[in-house]
Amino acid sequence: MTRVLVIDDEPQIVRALSINLRARGYTIDTARDAVTGLHTAGQEPPDIVVLDLGLPDMDGTEVIRGLRGWTNVPIIVLSGRAGSADKVSALDAGADDYVTKPFGIDELLARIRAITRRAQPADDGPLVTLGSHTVDLAARSVTGGDTEVRLTPTEWELLDHLLRHPGKLISQQALLRDVWGPQAQTHTNYLRQYMARLRRKLEADPAHPRHLITEPGMGYRYRP
């Protein structure tokens with residue numbers, strides 16, 4: 001049974017999440033502040049953490065860093081902060097997804113289900129299906145039918161990073177740092193250009209991509 005730890009100081013939200021998640025078979029632990037949340041995570045390791053950023057005793061990004069010091073548990077940020085800087089900060093600290101308050105419970109449950117699926121141990125090899133293409137991450141080859149798709153080394157690095165984190169929202173700064181280096185973290189035009197090139201090569205309809213998704217003001221994700 002999947003254990004969800006909800007760290008949020010708003011009683012109505014905690015109650016709504018507890019009722020809806022328990023009704024769907026999840027085990028729920030709750031905490032109203034950061035210290036209690038971190039202690040609970042250590043005592044009863046969760047499978048997923050749903051975390052508010054505006055906690056009374058500590059900023060939520062510090063909680064993310066604290067958790068990331070010892071666990072890779074998926075973290076969904078649930079916050080009233082809609083600014084892109086807050087989103088990027090949370091993602092760079094190690095969050096896996098970001099949902100802005102007010103939110104629809106169905107949307108959050110869908111995010112939790114998606115993260116639960118991704119957290120299951122993978123038993124397949126380095127082959128990834130992207131639409132009509134097959135990507136061999138080990139051999140660094142892409143084929144569509146009998147045709148090989150040629151990618152530049154930089155296109156490969158970007159695609160590889162996205163495909164190895166299916167469904168996860170990756171911030172622009174993280175991609176720039178990991179693909180181009182720390183000196184390129186303000187060069188968001190690099191990402192726009194290379195994502196456009198990957199979509200032209202790999203998406204059936206590059207103008208309406210189904211797999212290489214932009215989250216405006218936040219980053220990118222690969223949608224299986």
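This is a predicted model: local features need pLDDT of at least 70, side-chain atom pairs count only at pLDDT 80 or more; totals for chains, interfaces and linings use all residues.
User: What do the buried residues of H4 pack against?

Analyst: The buried residues of H4 pack against helix H3 (60-68), strand E4 (75-79), strand E5 (97-100), strand E10 (170-171) and H7. Buried means under 20% relative accessible area, exposed means over 50%, and partly exposed is in between (1.4 Å probe, protein chains only). Helices (H or I, at least four residues) and strands (E, at least two) are DSSP runs, numbered from the N terminus.

User: Thanks! Which residues of H4 are buried?

Analyst: In helix H4 (residues 84-93), Lys87, Val88, Ala90, Leu91 and Ala93 are buried.

User: And what follows H4?

Analyst: Gly94 comes after H4, and its phi is positive, near 130 degrees.

User: Let's hop to H3. Is Thr61 buried or exposed?

Analyst: Thr61, found in helix H3, is buried, with a relative accessible area of 9%.

User: What does Thr61 touch?

Analyst: Not counting residues up to four places away in sequence, Thr61 touches Leu53, Ser89, Ala90 and Ala93. Contact here means heavy atoms within 4.5 Å. Ala90 and Ala93 are also among the buried residues of H4.

User: New topic: aromatics. How many aromatic pairs are there?

Analyst: Rings of Phe, Tyr and Trp (its six-membered ring) pair if their centres lie within 6.5 Å; planes under 30 degrees apart count as stacked, over 60 as edge-to-face and the rest as tilted. That rule gives 2 aromatic pairs. In one of them, Trp180 and Tyr190 have ring centres 5.6 Å apart and planes at 45 degrees, so the pair is tilted. It links distant parts of the chain, 10 residues apart, with Trp180 in helix H7 (residues 172-180) and Tyr190 in helix H8 (residues 188-202).

User: How accessible are Trp180 and Tyr190?

Analyst: Trp180 counts as buried at 18% relative accessibility, while Tyr190 is partly exposed at 28%.

User: What about the rings of Trp180 and Tyr194?

Analyst: The ring centres of Trp180 and Tyr194 are 5.4 Å apart and the planes are at 65 degrees, so this pair is edge-to-face. It also joins distant parts of the chain: Trp180 in helix H7 and Tyr194 in helix H8, 14 residues apart. Tyr194 counts as buried, at 16% relative accessibility. Through ring pairs, Trp180, Tyr190 and Tyr194 form a cluster.

User: Which residue lies over the face of Tyr194?

Analyst: Arg197 does, at 4.4 Å from the ring centre. A charge sits over a ring if NZ of Lys or CZ of Arg is within 6 Å of the ring centre and within 35 degrees of the ring normal.

User: Nice. At what angle do H7 and H8 pack?

Analyst: H7 and H8 pack at about 80 degrees, with their axes 10 Å apart. That makes H7 roughly perpendicular to H8. Axes are lines fitted to C-alpha atoms, for helices over the stretch in contact, and angles run from 0 to 180 degrees between N-to-C directions. Angles under 35 degrees count as roughly parallel, over 145 as roughly antiparallel, 65 to 115 as roughly perpendicular and the rest as oblique.

User: Which residues meet there?

Analyst: From H7, Gln172, Leu175, Leu176 and Trp180 meet Thr188, Tyr190, Leu191 and Tyr194 of H8. The residues of this contact divide into 6 nonpolar, 2 polar and no charged. Ala, Val, Leu, Ile, Met, Phe, Trp, Tyr, Cys and Pro count as nonpolar, Asp, Glu, Lys and Arg as charged, and the others, Gly among them, as polar.

User: Where does Tyr220 lie?

Analyst: Tyr220 lies in strand E12 (residues 219-222), and it is buried, with a relative accessible area of 4%. Leaving aside neighbours within four places in sequence, the contacts of Tyr220 include Gln172, Leu175 and Leu191.

User: Last one: which peptide bond is cis?

Analyst: The bond from Lys101 to Pro102 is cis, with omega near -10 degrees. Pro102 lies in the loop between E5 and helix H5 (105-119).

How values were computed:
Residues are numbered from 1 along each chain as its sequence is written. Side-chain values use heavy atoms; hydrogens and water are left out.
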